[in-house]
Amino acid sequence: MSAAAYEIYAIKYAHHERTASQNFLGGDPHDGPMPMDYFVWLVRGAEVEVVVDTGFNAAAAARRQRQLLRPVDEALALMGVQAASVRDVVITHLHYDHVGSFDLFPQAAFHVQDLEMQYATGRNMRHDALRHAFEVEDVVGMVRNVYAGRVRFYAGDAQLFPGISVHLIGGHTMGLQVVRVATRRGHVVLASDASHYYANMGEGRPFPIVYNVGDMMDGWGKLRDLADSPAHIVPGHDPLVLERYPAPSKELAGIVARLD
Ligand SMILES: [Zn+2]
């Protein structure tokens, strides 16, 4: 057991009814319902509080026909966290469902990979298929945060706090990063969209929104290297997370899962 042992919570803020063919490159021969959950994650220690990703807001939900269950500040308030006073937010990547509500965190430093900012502001965004999951106002907003001195950049792997580190994976986007956290049960990896569902990495079937398929598939190996076991990897969008992990209280069942 390391000195630092954090609590981790997955907090569901949105939902989308969809089919399996939307979740696998090349579709799914046995197509059927395969809904998607949307989460933000809270990492909490004695003196450290880190939020991983900021979700999307009501406007983006309406535009993209996603069901916003609760705005992300309300979602975090369920765990006693005030978004307005959070100091550190890891942005796993700049897709709309991971950075869309960054304005709810006026005190935060945003931890981002160099390659992600390059990707979201560079030549690849000329292509609709690659920019589709980005919202230009989110990206421009993050550029403004750079100018305001509020973005911490990383070129690869880095430790944020003792027992909390980020790791460059790429694949889904050019600069996707995952978060490794020391907990009482060992090292847990928040995979975000390095594996949307358990089935993506478990069955070796890539998610269809992808910048580099090879890097995405290699990323599953990196997740396994970083985590203490496959059961220590937490996918980014799988409703099964809320079934496999306990809720911190009866009232939060179906909304919050405790991952440590
Ligand atoms: Zn996502």
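Tutor: We will go through the metal site, some strands, the core and the salt bridges in turn. This is a predicted model, in which local features need pLDDT of at least 70 and side-chain atom pairs count only at pLDDT 80 or more, while totals for chains, interfaces and linings use all residues. Residues are numbered from 1 along each chain as its sequence is written, and side-chain values use heavy atoms, with hydrogens and water left out.

Student: Ok, which residues coordinate the zinc ion?

Tutor: The zinc ion is held by Asp97 (OD), His98 (NE2), Asp193 (OD) and His237 (NE2), at 2.0 to 2.3 Å. Donors here are N, O and S atoms within 2.8 Å of the metal (3.2 Å for Na, K and Ca), and water is not among the atoms, so sites may look incomplete. Along the sequence, the spacing of the donor residues reads D-H-x94-D-x43-H. His98 sits in helix H3 (residues 96–99) and His237 in the loop between strand E12 (233–235) and helix H9 (241–244), so that this pair, 139 residues apart, links distant parts of the chain. Helices (H or I, at least four residues) and strands (E, at least two) are DSSP runs, numbered from the N terminus.

Student: And why is the arrangement around the zinc ion called irregular?

Tutor: The arrangement is irregular because the four donor atoms subtend angles of 89 to 157°. Four donors count as tetrahedral if all angles lie between 85 and 135 degrees; four count as square planar and six as octahedral if opposite donors are over 155 degrees apart and all others between 65 and 115; anything else is irregular.

Student: Is His98 buried or exposed?

Tutor: His98 is buried, with a relative accessible area of 1%, and His237 is buried as well, at 2%. Buried means under 20% relative accessible area, exposed over 50%, and partly exposed in between (1.4 Å probe, protein chains only).

Student: Switching to strands, what does E9 pair with?

Tutor: Strand E8 (residues 158–161) pairs with E9 in the antiparallel sense over three bridges, and five bridges join E9 to strand E10 (residues 177–183), again antiparallel. Two strands pair if DSSP finds at least two bridges between them. Ser165 in E9 stands opposite Gln159, and Arg180 is the bridge partner of Ser165 in E10.

Student: What lies between E8 and E9?

Tutor: The two strands form a hairpin with two residues between them, and Gly163 in the turn has a positive phi of about 90°. Strand E9 itself (residues 164–168) is mostly covered, since four of its five residues are buried.

Student: Now the inside: which residues touch the most other members of the largest nonpolar core?

Tutor: Those are Phe105, Leu223 and Leu259, in a core of 88 residues. The largest share of this core, seven residues, comes from strand E2 (residues 36–44). A nonpolar core is a set of buried Ala, Val, Leu, Ile, Met, Phe, Trp, Tyr and Cys residues joined through side-chain atoms within 4.5 Å.

Student: What is Leu223 in contact with?

Tutor: Leaving aside neighbours within four places in sequence, the contacts of Leu223 (heavy atoms within 4.5 Å) include Ile169, Val178, Met201 and Ile233.

Student: Last topic, how many salt bridges are there?

Tutor: The structure holds ten salt bridges, each being a side-chain nitrogen of Lys or Arg within 4 Å of a carboxyl oxygen of Asp or Glu. In one of them, the side chains of Asp28 and Arg205 meet at 2.9 Å, N to O. Asp28 lies in the loop between strand E1 (7–16) and E2, and Arg205 in the loop between helix H7 (198–202) and helix H8 (213–226), so the pair ties together parts that are 177 residues apart in sequence. Asp28 is buried, with a relative accessible area of 16%, whereas Arg205 is partly exposed, at 23%.

Student: Which residues are linked in a network of salt bridges?

Tutor: The network links Glu7, Arg44, Arg184, Arg258 and Asp260. Within the salt bridge of Arg258 with Asp260, the closest N and O atoms are 2.8 Å apart; Arg258 counts as partly exposed at 22% relative accessibility, while Asp260 counts as buried at 8%.
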